[in-house]
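Please read them with the coordinates open.

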Amino acid sequence: DGCGHTVLGPESGTLASINYPRTSPNSTVCEWEIRVKPGQRVQLKFGDFDIDDSDSCHSSYLRVHNGIGPNRTEIGKYCGFDFQMDGLITSKSNEVTVQFMSGIHTSGRGFLAAYSTTDKSDLITCLDNASHFSEPEFNKYCPAGCLIPFADISGTIPHGYRDSSSLCMAGVHAGVVSNALGGQINVVISKGIPYYEGSLANNVTSKVGPLSTSLFTFKTSGCYGTLGMESGVIPDSHITSSSILEWPNQTGHVNIWKPENARLKRMGPPWAAFISDEHQWLQIDLNKEKKITGIITTGSTLAEHYYYVSAYRILYSDDAQKWTVYREPGMDKDKIFQGNTELYQEVRNNFIPPIIARFFRINPLKWHQKIAMKVELLGCQFSIGRAPKITLPPPPQNKNDKKNADFMDDFIHSVKTSLQTDKTTFTPEIKNTTVTPSVTKDVALAAVLVPVLVMVFTTLILILVCAWHWRNRKKKTEGTYDLPYWDRAGWWKGMKQFLPTKSTEHEETPVRYSSSEISHLRPREVPTMLQTESAEYAQPLVGGMVGTLHQRSTFKPEEGKEASYADLDPYNSPIQEVYHAYAEPLPVTGPEYATPIIMDMSSHPSTPLGAPSISTFKAAGNQAPPLVGMCNKLLSRTDSASSAQALYDIPKGQPGLGSAGQLVYQVPQSVAHPTGSKDE
């Protein structure tokens, strides 16, 4: 009379003292005989142990034996308050006897223990919860029998369970493990949520829970989708029933609660049987074999018709002729599934192992007022190969043959059962949206290669663009020396051989012209601007106006730097004593090149030093500019593009006759210019 909660499965189980977790009564005894498959051993783990040890384990104790019966041998005798059992108790054979004795005592909760075969190294008990483990993800083995009345859980799938919930009890609720068989769970810990919903599933009621720091979910590969009742994939013609409820209302309209109304979440009335007894059924044709892992049911969902089914059986078939009642492995009784407790709530039940069939039938056993329900099936496509067809012998001809035929029928039935068991004994796959799906190797490889390829192609494009820009810039640098690239400093070096050396005693600030300022002036305003500054030399004009400086020059630009329009100041170049000629000889056969400049210095010595000079720049208004020199000699300049003649002035005075500051040179005069002076 001392036995409490007990479930002894073929590979694992749970046992507890009477009244656990409250104090057990005095003078009680209980023995549990545990057997597993031959060749295996049993391991025992205690989740809680609290037995009075006031008399040194004399009247109250827990004793574990190897074997069963009179030949058993003792492994150990245990007692104590809050006794912490180190490790596991392991047997030497496949049989173990556990004996609990309760003497005279005033306190002590008793004990709760779990057992399994020794190959389950990660065994836990029904009392373990997520807060007992620090890993973010771990695998554990839950024993059978964790549907215990003294533990509770909060939450549901797919949102997750509160961290204070029992791991194994939540696994039963989620449909990951069976209460009758136990099984492996893969737990993932994540951040908690403010509110946990409650639901009823697999005969486990989950309560509403408050905020927690963490929660846990179960990681699975997923075979938990809907099979088409709600969505309409299953046609109306594939939903049939044993009977249909019909009755006329007050207006004379006949209400028909047809089987096709039994679609979950469909508005309107459900399916209801005309007669409420245990012989009614609702049948669904899935069109081909499917892997069915669960079912969700509700009542009528109509407040004025408080109908629902509270318990039912499940039958399945391949041909809709021969039906098999669903049973859990190792059980000799039909499994009775808990249904609804009211007409609105959705109740889920899972099939462990899953059902492989085309035809699915629900047989109500208990109901409230009338049999009425809406359903949805859960599962996925069945991808495992079908069982091989068995060739039947010819019909029996006599009585002996009939006996052989009976034996053959039994044999075929056992083969089909074993084949289906082999195909469906694995744990069902529950879809869980709170867990990130596993990334395959192909996806991981693609995630690495795509950014690398993008970077490589981007680099190649940048290299090509840079090379194209560099090539264009090089072409511009090696192009013709037009106005923006004409080096006036080089031109000045070619002309300074004809000029006197400037004295270092009277240094004056040279005239500097801004190319940006000159380019914005009108031709008539250029001389005025140049005359506003004190200039030692008048700036010569080559080929006429400033705007014609883009014509080709026979003088080599200054090496070492790139010429620009802002640097076009031949009079700012330092005077060097050693002259280097930069002018290159022109070929005789090239008519497109200009003729070198020739200056006649014959009249230079006889020119008076104080005579007024003549300027080729036009003064402001219509007046002629003042003359700077008296002696002008015309020199001709021939060009392939123009035959115009240019007048060049010669320096005043003779070298050495006056100071460097008195040597004034005239700007070349063009014959075509309206203000130029003519030779008399």
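Is E328 buried or exposed? E328 counts as buried, at 16% relative accessibility. Bear in mind that this is a predicted model.

1. E328 and K335. The two side chains meet in a salt bridge, 3.4 Å from N to O. K335 is partly exposed, with a relative accessible area of 24%.

2. The structure holds 17 salt bridges.

3. K258 and E260. Here too the side chains form a salt bridge, at 3.5 Å from N to O. K258 is partly exposed at 34% relative accessibility. E260 is buried, with a relative accessible area of 18%.

4. R313 and D334. The closest N and O atoms of this salt bridge are 3.0 Å apart. R313 sits in strand 23 (residues 308-317), and D334 in the loop between strand 24 (324-325) and strand 25 (337-338), so the pair ties together parts that are 21 residues apart in sequence. R313 is partly exposed at 22%. D334 is partly exposed as well, at 25%.

5. Strand 4 (residues 42-50). Of its 9 residues, 7 are buried, so strand 4 is largely enclosed by the rest of the structure. Strand 4 runs antiparallel to strand 9 (residues 110-117), with 8 bridges joining them. In that pairing, D48 stands opposite L112 of strand 9. Strand 4 also pairs with strand 7 (residues 89-90), antiparallel, over 2 bridges. There, L44 has I89 as its bridge partner.

Conventions:
Residues numbered from 1 in each chain as written. Predicted model: local features only at pLDDT ≥ 70, side-chain atom pairs only at ≥ 80, totals over all residues. Heavy atoms only, no water. Buried < 20%, exposed > 50% of the residue type's maximum accessible area, 1.4 Å probe, protein only. Helix = DSSP H or I, 4+ residues; strand = E, 2+ residues; numbered from the N terminus. Pairing = 2+ DSSP bridges. Salt bridge = Lys/Arg side-chain N within 4 Å of Asp/Glu carboxyl O.
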